[in-house]
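Here are some notes from my pass through the model, jotted down as numbered points. Have the structure open while you read.

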Amino acid sequence: MKLTPLSFFVCILLTFSLISCARKGEGSSRGEESTVSRGGERIIVGFSQIGAESAWRIYNTKDMQAAAQKAGIQLLYANAEQKQEKQIKDIRTFIMYQVDVIAFVPIVQDGWGNVLEEARDAGIPVIVCDRRINSEYDGLYAGYVGTDSREEGRHAARFLIRKYAGSTGNVNILELRGTDGASASDGRIEGFREIMASDARFSVICSESGDFMRSRGEEIARRILSSGKGFAIDGQKIDAVFSCNDGMTLGLLDVLEARGIVTGKGSPITIVTVDAQQEAVDRLKDGRINCVVECNPEQGDVIMGLVKKLAAGEEIPRSTIVGGKIFTEYDDLSYLPERKY
């Protein structure tokens with residue numbers, strides 16, 4: 001339904017009214033004792049998420065919402081639906097609403113200068129979450145919270161070097177990138193290639209962007225197999241796959257398994273993936289994946305702690321790294337608890 005100018009104005013007034021109530025501690029089922037305040041007013045955070053493209057992303061959003069509720073902080077949530085222009089509009093809406101702090105997961109690294117300047121001019125501190133933005137914007141946001149994507153790529157490369165420690169032959173690698181321009185993808189690729197460059201046996205014979213999507217992993221696998229020469233690129237067999245997220249990995253495996261191509265432990269095709277969602281860990285336990293590098297989605301508690309500091313006028317660290325684990329075919333995974341995503 002298209003909003004008329006009058007109805008749009010009414011919506012804006014209603015939203016401001018709701019925020020005003022929240023600042024007075026009204027309209028909250030949690031009660032006064034559960035709210036965090038600044039000068040008697042409840043803290044409000046505008047949170048812009050990039051989308052809901054994977055189980056990892058959905059859980060990351062739920063973790064932020066749960067952490068805000070636990071901290072007594074009101075969270076205004078916006079889904080950018082993988083569109084930077086929508087995310088910028090959402091952030092501008094938060095600025096118009098005069099939230100206390102803005103937290104956002106940037107889709108890509110570039111293109112944030114104007115909106116960050118607007119937040120600064122409005123006196124609203126910004127936390128960059130999960131993915132980084134370019135260093136030219138360093139003076140325009142308060143701090144970063146997330147994982148170390150370069151180190152995640154290094155972990156993947158180190159596993160491959162360990163896996164092929166006794167081999168003298170060349171190892172041909174298919175590389176599945178995420179969204180180009182996103183720090184999570186760019187950083188993992190940079191870290192991976194940094195370590196791989198130290199061993200001449202390893203060659204990336206094909207690098208494809210799958211946009212962090214399961215469907216794109218399926219498409220890439222079908223295109224490779226369409227040559228009728230098996231899992232190979234230009235006549236060169238693929239020995240290993242490094243994928244920047246589980247979604248693409250699982251899409252690729254769906255197609256390979258449907259064609260009867262075996263991967264993982266004891267097979268000629270090694271699979272290394274990043275994220276560590278439950279389905280990927282299950283495939284590791286089943287021997288279909290060789291290594292899973294965790295990208296920890298549980299960042300909400302850390303972010304809400306920093307929000308309180310910013311709302312109190314305090315400075316926060318420029319970078320706060322949330323650690324993760326590495327799961328491999330060499331580990332005993334029988335006692336690994338069920339994951340939440």
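1. Let's start with Ser183. Setting aside residues up to four places away in sequence, Ser183 touches Gln109, Arg131, Arg132, Ser149 and Arg188. Bear in mind throughout that this is a predicted model.

2. Where does Ser183 sit? Ser183 belongs to helix 6, which covers residues 183–196. Is Ser183 buried or exposed? Its relative accessible area is 8%, and the cut-off for buried is under 20%, so Ser183 counts as buried.

3. You'll find Gln277 in the loop between strand 13 (270–275) and helix 9 (278–285). Gln277 has a relative accessible area of 8%, which makes this residue buried.

4. The axes of helix 8 (residues 246–258) and helix 9 come within 10 Å and cross at roughly 50 degrees. That angle makes helix 8 oblique to helix 9, and the crossing is left-handed.

5. Now compare helix 2 (residues 55–71) with helix 10 (residues 300–311): they pack at an angle of about 45 degrees, with their axes 8 Å apart. So helix 2 is oblique to helix 10, and here the crossing is right-handed. Which residues meet? From helix 2 come Asp63, Met64, Ala67, Ala68, Lys70 and Ala71, and from helix 10 Gly300, Asp301, Ile303, Met304 and Lys308. The contact of helix 2 with helix 10 splits into six nonpolar, one polar and four charged residues.

6. Helix 3 (residues 84–97) passes a simple length check. Its 14 residues should span 20 Å at 1.5 Å a residue, and the end C-alpha atoms are 20 Å apart, which agrees.

7. Which residues of helix 3 are buried? They are Gln87, Ile88, Asp90, Ile91, Phe94, Ile95 and Tyr97. When you look at that list, remember that an α-helix has 3.6 residues a turn, so residues three or four places apart point the same way.

Terms used. Residues numbered from 1 in each chain as written. Predicted model: local features only at pLDDT ≥ 70, side-chain atom pairs only at ≥ 80, totals over all residues. Heavy atoms only, no water. Helix = DSSP H or I, 4+ residues; strand = E, 2+ residues; numbered from the N terminus. Expected span 1.5 Å × (residues − 1). Buried < 20%, exposed > 50% of the residue type's maximum accessible area, 1.4 Å probe, protein only. Axes fitted to C-alpha atoms, helices over the stretch in contact; angles between N-to-C directions. Parallel < 35°, antiparallel > 145°, perpendicular 65-115°, else oblique. Left-handed = near helix turned anticlockwise from the far one by under 90°. Contact = heavy atoms within 4.5 Å. Nonpolar A, V, L, I, M, F, W, Y, C, P; charged D, E, K, R; others polar.
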